[in-house]
Amino acid sequence: MTTPGRVPSRLAAPRPGWTTRADVVVVGSGIAGLTAALRIDAADPLLKVLVVTKDVLNAGSTQWAQGGIAAALGPGDTPDQHERDTLVAGAGACDVDAVRVLVNEGPEAVRELIGLGTEFDHHPDGELSLTREGGHHRDRIAHAGGDATGAEIQRALIAAVERAPQIEVIQHALAVDLLLAEDGGVAGLTLHVLGEGQRDGVGAVHARAVVLASGGLGQVFSSSTNPAVATGDGMALALRAGAVLRDTEFVQFHPTVMYLGPDSSGQQPLISEAVRGEGAFLVDFEGNRLMTGLHPLGDLAPRDVVAKAITRRMLATGRPHMWLDARHLGEEFWERRFPTILGVCRSHGVDPVTELIPVAPAQHYASGGVATDLHGRSSVPGLYATGEVACSGVHGANRLASNSLLEGLVFSRRIADVLPGELRSWHDSAVRRQEPDQPGAWLVSGAQRRALQELMTRHVGVLRHHDGLTEALTQLHGLAPGPDEGADLGSVTPGVDAWETTNLLTLSVALAQAALLRTETRGSHWREDFAQRDPRVAGHIDARLADGVVSVTHQPSRSTDPSEPSDATAQTGATA
């Protein structure tokens with residue numbers, strides 16, 4: 001047993017200085033958020049839909065997606081084949097029903113995206129250009145601008161929102177906390193807006209439903225491919241409101257992130273898996289092929305397999321990185337297929353046309369998040385989640401390449417199918433009981449962020465062990481002592497840096513506790529002291545917050561994944 005993780009029950013913040021109303025508030029402006037807003041608006045144009053985004057509309061993770069979006073669109077491909085590849089990558093932790101929703105509804109969703117104006121790449125004969133990435137047995141990755149798929153999707157969705165003037169957008173708005181009604185359901189949320197005029201500073205939006213599409217938690221770690229805005233605000237906000245977080249231990253580390261040196265931190269340049277899909281391969285410092293004999297798919301093995309192979313070779317040789325060899329692709333191919341990556345590499349002094357690219361794993365994607373059903377409903381009435389902030393069950397222990405954009409697209413559509421018909425009535429929030437001076441409302445100083453990130457990278461990164469995880473939890477507890485330690489919890493000035501850092505701490509505690517409880521290696525969760533997959537702990541790890549204490553419990557799977565051994569016997573009731 002470890003010391004329970006104590007975190008704030010609310011974020012300390014000034015009282016709301018302004019108010020507004022919207023039937024539905026969508027938090028986030030990537031593919032998941034904008035798709036949800038557009039589809040809800042189309043389903044019922046009389047509803048007032050408000051989109052709030054932490055930065056500008058195109059600042060989230062969708063903008064940075066290079067590889068593409070996966071769907072069974074090519075000749076000979078089928079949803080069943082896509083399902084099999086997804087389940088294998090998910091390592092026995094997928095919800096099969098969710099995966100079937102994803103792969104069966106995916107092709108239509110992508111065609112609708114094209115109908116909105118997204119311009120994917122095509123062959124000269126007019127056929128959609130499809131490529132292959134790790135874990136896929138078919139060419140099924142649609143891409144745009146070579147390696148600028150996310151930017152093109154974002155452009156098309158923003159244009160569609162601009163054609164829907166009834167959808168209101170507030171930019172530079174950080175979601176602070178949910179407002180809850182007496183019944184525990186959603187009554188709105190508080191925002192901090194960097195603006196001018198009436199909507200500046202902290203305000204309250206009263207709403208009948210909130211859709212979280214706020215992205216991931218990449219900034220928990222010192223190196224990530226995620227943008228700076230990915231501080232897990234939506235997950236932490238949901239946890240404080242009483243929602244269940246599921247499978248937070250399944251954090252995917254992308255195997256090929258450009259290595260910029262030992263002191264580099266923050267968002268790192270991603271070298272898309274599609275580069276290996278087009279024929280690039282990994283080598284060590286002696287020029288030996290890294291993936292030969294390690295997996296039937298070689299350099300296109302699932303990401304957890306490749307990340308572990310690189311990490312093992314780095315540890316064995318004492319080297320800080322490995323190499324990606326794509327020189328044989330040629331300059332014309334690089335300029336046509338991967339112009340963005342080519343430019344980024346050259347900006348950092350590496351020409352992939354003539355030189356090897358230094359690569360090492362870095363945090364890339366959170367497969368876990370707010371636990372949802374097949375229509376995006378969370379455990380809090382009126383709160384929905386979609387995209388990376390959610391755990392829909394499709395990714396299991398390891399997301400299959402290019403399934404993330406598809407997940408946001410498909411499940412946002414499904415939220416829009418049900419939300420207008422099940423909207424809550426207007427509720428007054430119990431705001432007087434949730435003001436900043438209530439017990440449990442406190443903050444962690446932004447000055448602690450770097451130490452937190454380095455701690456998580458060191459002990460809760462690619463390689464995990466009981467001793468490191470317990471040490472991480474001890475130090476996390478020290479970064480944010482609770483009231484029992486006699487700390488002055490009101491000493492930190494409320495503001496974006498402190499709010500984000502407090503959210504990072506909250507998720508770090510949940511993640512480390514979940515990783516400690518899962519005593520096996522499965523997908524992207526690698527325990528050095530429990531090196532094999534153990535069917536006895538198959539299922540999910542759920543995190544909850546009550547009275548400032550994060551607790552995690554093991555839940556058996558309700559959906560049988562064919563990739564899990566048939567004699568699996570789940571254990572229930574385990575806690576940490």
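This report describes the overall build and the nonpolar cores of a predicted protein model.

## Basis

The model is predicted: local features need pLDDT of at least 70, side-chain atom pairs count only at pLDDT 80 or more, and totals for chains, interfaces and linings use all residues. Residues are numbered from 1 along each chain as its sequence is written, and side-chain values use heavy atoms, with hydrogens and water left out.

## Overall build

The protein has 13 helices and 22 strands, which are DSSP runs numbered from the N terminus (helices H or I, at least four residues; strands E, at least two). Its C-alpha atoms fill a box of roughly 65 × 55 × 50 Å along the principal axes.

## Burial and contacts

Of the 576 residues, 61% are buried, meaning under 20% relative accessible area (1.4 Å probe, protein chains only). Among contacts (heavy atoms within 4.5 Å) with a separation of 6 or more, 74% join residues 24 or more positions apart.

## Nonpolar cores

A nonpolar core is a set of buried Ala, Val, Leu, Ile, Met, Phe, Trp, Tyr and Cys residues joined through side-chain atoms within 4.5 Å. The largest has 71 residues, of which Val25, Leu212 and Leu476 touch the most other members. Helix H13 (residues 496-517) gives the most to this core, with 11 residues.

Leaving aside residues up to four places away in sequence, Leu212 touches residues including Val27, Leu237, Val370 and Tyr384. A second, separate core holds 50 residues, among them Ala37, Val110, Leu405 and Leu419.
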